[in-house]
Amino acid sequence: MDELDRGILAHLAQDARQSVAVLARRLKVARSTVQARLERLETSGAIAGYTLRLGDAARENRIRATCLLTIEPRSQAGILTRLRSLPEVERIHTTSGRVDLLLQLAATSTSQLDDVLDQIGSLTGVRSSESLIHLSTKLDRAT
């Protein structure tokens, strides 16, 4: 990946709806060059897709939380299967350190969040859980 590829990714991270012509003009290269680079970035997996990022107005009625799970040995596969069936679970990360899994959750109310946390805590193989409710976002570079 060279400087042009990084420039394309940086511009798309800010606004994925930019046309190839606009990208080419901003990067001062030919439109065909940008098109070829985009195809290569998509084929190589550097660009996995183009998606919608919800703004604050769409997210304001959602309560977000992180849940840290410690699980029993050899129980991860079964727990992951059950977690994937919960629509409030947006992301699941494995971790190193004192916890095994880090979950990102979103719910429409505190009672819904409480219910999903109870469901998660009662899963077979979950040793312990700790939840952290997100109060505000100070920086979000994720796309």
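**Figure 1. Thr 70 sits in strand E1 of this predicted model**. Strand E1 covers residues 63–71. Thr 70 has a relative accessible area of 15%. Buried means under 20%, so Thr 70 counts as buried.

**Figure 2. Thr 94 lies in strand E2**. This strand spans residues 89–94. Thr 94 has a relative accessible area of 57%. The cut-off for exposed is over 50%, so Thr 94 is exposed. Its contacts, apart from neighbours within four places in sequence, are Gln 76, Asp 100 and Leu 101. Leu 68 is 26 residues from Thr 94 in sequence. In space, the C-alpha atoms of Thr 94 and Leu 68 are 10.0 Å apart.

**Figure 3. Helices H1 and H2 pack against each other**. H1 runs over residues 3–14 and H2 over residues 20–27. Their axes are 11 Å apart, at an angle of about 125°. The two helices are therefore oblique to each other. H1 passes H2 in a right-handed crossing. From H1, the contact takes in Leu 4, Gly 7, Ile 8, His 11 and Leu 12. From H2 come Leu 23, Arg 26 and Leu 27. By type, the contact residues are five nonpolar, two polar and one charged.

**Figure 4. Helices H2 and H3 pack at an angle of about 110°**. H3 holds residues 31–44. The axes of H2 and H3 are 8 Å apart. This angle makes H2 roughly perpendicular to H3. Their crossing is right-handed. H2 brings Val 20, Ala 21, Leu 23 and Ala 24 to the contact. H3 brings Arg 31, Val 34, Gln 35 and Leu 38. Six of these residues are nonpolar, one is polar and one is charged.

**Figure 5. Helices H1 and H3 cross at roughly 85°**. Their axes come within 11 Å. That makes H1 roughly perpendicular to H3. On the H1 side, the meeting residues are Leu 4, Asp 5, Ile 8, Leu 9 and Leu 12. On the H3 side, they are Thr 33, Val 34, Arg 37, Leu 38, Arg 40 and Leu 41. The contact of H1 with H3 divides into seven nonpolar residues, one polar and three charged.

**Figure 6. Tyr 50 is placed in the loop between H3 and helix H4**. H4 covers residues 56–59. Tyr 50 has 44% relative accessibility and counts as partly exposed. Residues up to four places away in sequence are again set aside here. Tyr 50 then touches Leu 12, Ala 16, Leu 38 and Glu 42. Leu 12 also belongs to the H1 side of the contact with H3. Leu 38 is part of the H3 side of that contact. Asp 15 is 35 residues from Tyr 50 along the chain. The C-alpha atoms of Asp 15 and Tyr 50 are separated by 10 Å.

**Figure 7. The domain assignment gives domain 1 and domain 2**. Domain 1 covers 3–44 and domain 2 covers 56–134. The C-alpha centres of domain 1 and domain 2 lie 36 Å apart.

Notes: Residues are numbered from 1 along each chain as its sequence is written. This is a predicted model: local features need pLDDT of at least 70, side-chain atom pairs count only at pLDDT 80 or more; totals for chains, interfaces and linings use all residues. Side-chain values use heavy atoms; hydrogens and water are left out. Axes are lines fitted to C-alpha atoms, for helices over the stretch in contact, and angles run from 0 to 180 degrees between N-to-C directions. Helices (H or I, at least four residues) and strands (E, at least two) are DSSP runs, numbered from the N terminus. Angles under 35 degrees count as roughly parallel, over 145 as roughly antiparallel, 65 to 115 as roughly perpendicular and the rest as oblique. A crossing is left-handed if the near helix is turned anticlockwise from the far one by less than a right angle, and right-handed if clockwise. Contact means heavy atoms within 4.5 Å. Ala, Val, Leu, Ile, Met, Phe, Trp, Tyr, Cys and Pro count as nonpolar, Asp, Glu, Lys and Arg as charged, and the others, Gly among them, as polar. Buried means under 20% relative accessible area, exposed over 50%, partly exposed in between (1.4 Å probe, protein chains only). Domain bounds come from an automatic or database domain assignment.
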